[in-house]
Amino acid sequence: MTSVLLWLSLAALDFQKDVKPILANHCFHCHGPDAQNRKADLRLDTRPGALAKVVVAGDASKSLLWQRVTHPKPALRMPPPYAHKDLSPAALTILREWIQTGAPWKEHWSFVAPSRPPVPTGAKHPIDAFIQARLAQEKLSPAPEADRPRLIRRLSLDLTGLPPSPEEVEAFVRDDKPGAYERVVDRYLASPHWGEHRARYWLDAARYGDTHGLHSDNYREIWPWRDWVIQAFNSNMPFSQFALEQLAGDLLPNATLNQRIATGFHRNHIATGEGGVIPEEVKAIYVKDMVDTTATVFLGLTLGCATCHDHKYDPLTQKDFYRMAAFFNNTTEVTVHGEIATPEPVLVIPRPEEASRLAQIEPEVMRLRQQWQDRLKSIKKQETSAPASRASLHMQAVTVLPPGPFTAQVQCGYLDQHLITMATGQTGDLRWELAIESFLPVFRLEGRGIPGQLALRGNSIRIPPVSPKETEITATWDGSGRAEGVTIYVGGRAVALSRVAPRPLRREPDRSFIRRTLLYPRALGPLEVVQSLISSNELSAAVEQYPAEFLALAEAEREYRAIRMRGNVTLVMKEKAGEAKAHLLERGQYDQPREELSAATPAALPPMPADWPRNRLGLARWIVAADNPLTARVTVNRFWQELFGTGLVKTADDFGSTGEPPTHPELLDWLAVEFRESGWDVKKLFRLMVTSATYRQAALLTEEKRRQDPENRLLSRGPRFRMDAEMLRDSALAASGLLERHVGGESVKPLQPENVWESVAVLYSNTRFYQPDSGPALRRRSLYTFWKRAAPPPALEILNAPTRETCVVKRERTNTPLQALVTLNDPDFFSAARSLATKATELSTKPLDYAAQRLLARPLAAEESAAARRTLARLVRHYRSHKAEALAISGRPDPEAAAWVMLVSLLMNLDEVLNK
Amino acid sequence: MNPLHQTRRALFKKGAQGLGLGALTELLAGQTLAGLPHFAPRAKSIIYMHMVGGPPQMDLFDYKPAMKNYYDKDLPGSIRQGQRLTTMTSGQSRFPIAPSIYEFRQHGQSGAWFSNLLPQTAKVADQLTFLKSLHTEAINHDPAITFIQTGSMVPGKACMGSWISYGLGSMNKDLPTFVVLNATHTHPKANVQPISARLWSSGFLSSKHSGVSLRSMGDPVLFLSNPRGVSASGRRIVLDGLQEMNEIEQRRHGDPEVLARIEQYEMAFRMQASVPELTDFSKEPESIYRLYGEDARTPGTFARTCLQARRLVERGVRFVQIYQRGWDLHSVLPEVLPSQCKDVDQACFGLIEDLRSRGLLDQTLVLWGGEFGRTIYSQGKLTPTDYGRDHHPRCFTMWMAGGGLKPGITHGETDEFSYNVVRDPVHVRDLQATILRQMGIDHERLTYAYQGLDQKLTGVEKAHVVKEIIA
């Protein structure tokens, strides 16, 4: 109490900083923006609301508010005891003072558009001017600049996510010409690893994953979107464009392939294919996720709180929520995805060398399809009196076929099982099986003639799932013993195939849903397959009358499909026709729709111009509009957080009333305006931040700063904190020379402990068994690691990587024993230690310096060196008497070699190495 | 003197002034939250056996003799009341009632009803507290499990074990506070539902409150084993050297976080000794296997996880979560259910008896049940010997034991169709509130400010402690 009073006498009350948080936290729940649940018709979130009833400006004792919060009878005292929100004596003092001084009021800071504040005098660099002005107020002085090796290590890690090479350090240390530092900055900004590192943060915000996240948690193919993000950062796409293309690239005029790939942003939400779910319920959850994510990432608002009722603390109504929901409610997205990797809408990205052929053949296929449709129609008009005779095919129903090519055809009825074997048999000494797994056709061959097994399945990434109703599946095999010799047709149309991990044949066929099985002792061609299935007279007659046209279509379709199959696929957004609307859902319940609302942005924020489209494109333009008070602030804050560990607003995900106000409001506003006016230039912003003296300070703590600035919120020293999971692993791989550096591509599966996936997956999940890759794929940057959301990469998860099920803009940073186990024992880390130790001892006469240069970017100090050597000597002594251990550790019966591996492992676990 | 202890003591002596806030919070992570417990706790630990998929209450505990006369008759509309169905049965033209084909008998002084599928568990009937009137809001597995674990159907909230860890902290600094065990099941035709790391995730709470999965294959704790060739003594040399060099660094820049890191490395080293001891069953006497059944010799079985759970609570672990899958009995129920029951029956008996004889039952709250119940009507074809049952959120049965509950009682009642609750309904959040209550926690007051809301396990709706079952 004394300290508060003392403090009050020193500084005037700041409504935003001092009073509003108390009102918000203790009163708004019942007397705030939420109209429906407002008690006593009293609102304290607006000044008129407060003055109308309970506050007499300038006189606390006459103010009902003061009387009630200090009421002697607990039952009448506010907040009521059941709220568990008692006001502290300090809070009461502030409230009283506030009323006494006339109850001054200010709009919530983040809802007022930032204007460029004057830069304080003093330092040359604007950031330093703001930071140092505040430090001076607190009577603290900044730390000196970090020494060059430490500085370039910090910079390299911050701009590329990788440690600097010894050569880079050396060059920087020796460069005594002016602008040495700035030159290094520019080099790192131009590195292809810059985009990878920035993208990695964005993947958390965008909740990117390689599986659907729910139920079977099957594979999802959307990594081309991830590569788009990397390229966007590398090409320094303005952030406004970055936002625009991700939210609404498909709606841009003449949208390019890349602009459509970008819209994968909102296809990253988790999705289900669980049997029995209610599509309306699921859809409501997806849309909510898109609204929540958009609000968090771009606006720093907890709009999700207004799903069930008006927001309790911020001026966001439930209607605002569903008006925002309307923007995302108008897409063609498949709701229950049928457990396939590419639920519609999707985009096929052909191989670059095939793009022109695809462009050529696509209209041709469309033309042939149309022509064929016309033929069918004309035949219908002819009203052929006699049914055309069906093509006669040599047909032989046998279960054991002679060796060589064959065709198996199955007509099945309703499928409600996830896995059913439709037909099995034998041809020569090969056994075969045709089955449906998770609604996808699978064909397997197994036998001595074939090394291992030949397993094929309808490529889950490219074909629509088999309809659960009547379906015909045909498999033809050319007898070649190669996977490529198999073609699978669903309802007469060939589907794209790919190899999958072999699984043994099932022993007992389950034929309960099979209507008919036909076997032909040769491989049927596409025309024959259709003919064999033909049940309609028109089709049959058309095929008979126009065989050449049918075959031309079949051939063109085949090439068309083949090119598409060789390309990649990614999930995208596609708008439906009509106006974007959504129903308000009572208490957020999907089955309680209320009034229908048109798409609109929250009323408390600057309105969208009337002539902008009320769709995602309009929303995206509004988000990056100059008068949007939030987007620029929220974005620079997140970038600041990437460098300094904590944002100027600590609650990077909440810029509302319950979020923490900025430590340096003027600096935040200055940066936001600067960023926006620079054309949302991301590289320029980073250049500005890392060239500040604030960033370049040494991470040195004094007793005084420890007391006054324990969390370094005032930036009284350089940033120093434990690196994120991916940075730790990537750094270990880079330092040991193992890192495979090429940019982009399909996600990879490095080593991970056994049984991490199996223990959570269902039998029919296609991400049940973890098959690690081999070779360079094991050593790629961690942002390429395959992300199964039900069981994320365990080492990364232990080091605070989120599961990627929901949007995360601020990772936690804990310090646990399980993390120590990862960096000591994870094979990735230990083999990095082994590799670095081998290189150090074989390539260098000063192995200790060699390792230290790569891990710390500096040679060890004398004291450290001495300590390391003492440990090395102890290790050598130990391994001289434990030769078997030494052999297992280094692969050589050499105690020194083992001791070096262990010493390098030690160095890799130094606090300084784990920190940036 | 162990230099580490000195470090640790020095650290505490310096107190808040001597430390960065971060470091201090980390070290206090294992502590009880200020103001807790709110009441005298009746239990120190929880063993929660979750039967993933939803066991059919009317085939196990919720005896409905009147159904014999309803075989293949349609479920009356007055009972269904237009309730929503999953899309797996909403297309069925009729809802034929499938009476349980199992025989029921009353057991113990309490006269609790059990079907003949659980003969061993029935022997401890008088230790059990039945809730027959549980109901939930979700109708499909993923949201339903997420709901019962986190109080919300939408992923992202903290689960029960994490809340307990956050509120009450650790009782054994060498072991995790919240441990997850995944049990295997036997029947190949059992319909298995997935589980996910999100079910033991701490959500918005610090991830140090996440459940640590104790695995039955490979390292019990991920990355626990040293790399090949690295012995404890070799590792010790490294850790001593690491500490020495970290202290040099700490002296250079003065950041107390370094000391906290040293402490974590030491705890990791201790865990490398304590966890193998924890998972070493060689000293368990033969009599233990008579109690839990022979299955308990096989790693990964439900019986083994029960025995493991006892060893965990014995060592002060707060929350043991067991998941057993295979209870999603949409079809061939008579073929699969007996096997599922056999997987768990003896071990449930063994666990209760074992805890009781060690005096641990009083301080351990044991729970057994699924995320929802199953329908009285058959999914798919109904014959006198074959049927399946769909998901049913409107009522399900759970049993609890120990932890200051009234043993040998049954709370709540369903209608004669085991379809609707007719007396003393217990919502999932009431169950959660009751569980917290037994641990000494007021569910209204264990909160965490996140995204503008004081988050609670029981969510924003009102929850009620089921006082009637508390001793």
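**Close-ups of chains A and B**

**View 1. Where chain B meets chain A.** Here 84 residues of chain B are in contact with 89 residues of chain A, contact being heavy atoms within 4.5 Å. This is a predicted model, where local features need pLDDT of at least 70, side-chain atom pairs count only at pLDDT 80 or more, and totals for chains, interfaces and linings use all residues. Residues are numbered from 1 along each chain as its sequence is written, chains are lettered from A and ligands numbered from 1 in the order in which they are written, and side-chain values use heavy atoms, with hydrogens and water left out.

**View 2. The area tucked away between the chains.** The size of an interface is often given as the accessible area lost when the parts come together. Chain B and chain A bury about 7500 Å² between them, 57% of it on carbon and sulfur atoms; buried area is what two parts lose in accessible area (1.4 Å probe) on being put together, summed over both. Look for B:Phe223, B:Met245 and B:Arg261: this trio supplies 11% of the area that chain B buries against chain A, more than any other three residues.

View 3. The rule finds seven salt bridges between chain B and chain A, each needing a side-chain nitrogen of Lys or Arg within 4 Å of a carboxyl oxygen of Asp or Glu. B:Glu249 and A:Arg720 meet through their side chains in a salt bridge, at 3.0 Å from N to O.

View 4. A nonpolar core is a set of buried Ala, Val, Leu, Ile, Met, Phe, Trp, Tyr and Cys residues joined through side-chain atoms within 4.5 Å, and buried means under 20% relative accessible area (1.4 Å probe, protein chains only). The largest one has 309 residues, of which A:Trp202, B:Met49 and B:Trp399 touch the most other members. Helix 11 of chain B (residues 333–357) gives the most to this core, with eleven residues; helices here are DSSP runs (H or I, at least four residues), as are strands (E, at least two), numbered from the N terminus.

**View 5. Around B:Met49.** Setting aside neighbours within four places in sequence, B:Met49 is in contact with several residues, including B:Phe302, B:Cys348, B:Trp368 and B:Trp399.

**View 6. Chain A as a whole.** Chain A has 35 helices and 15 strands. Of its 916 residues, 59% count as buried.

Terms used. Buried means under 20% relative accessible area, exposed over 50%, partly exposed in between (1.4 Å probe, protein chains only).
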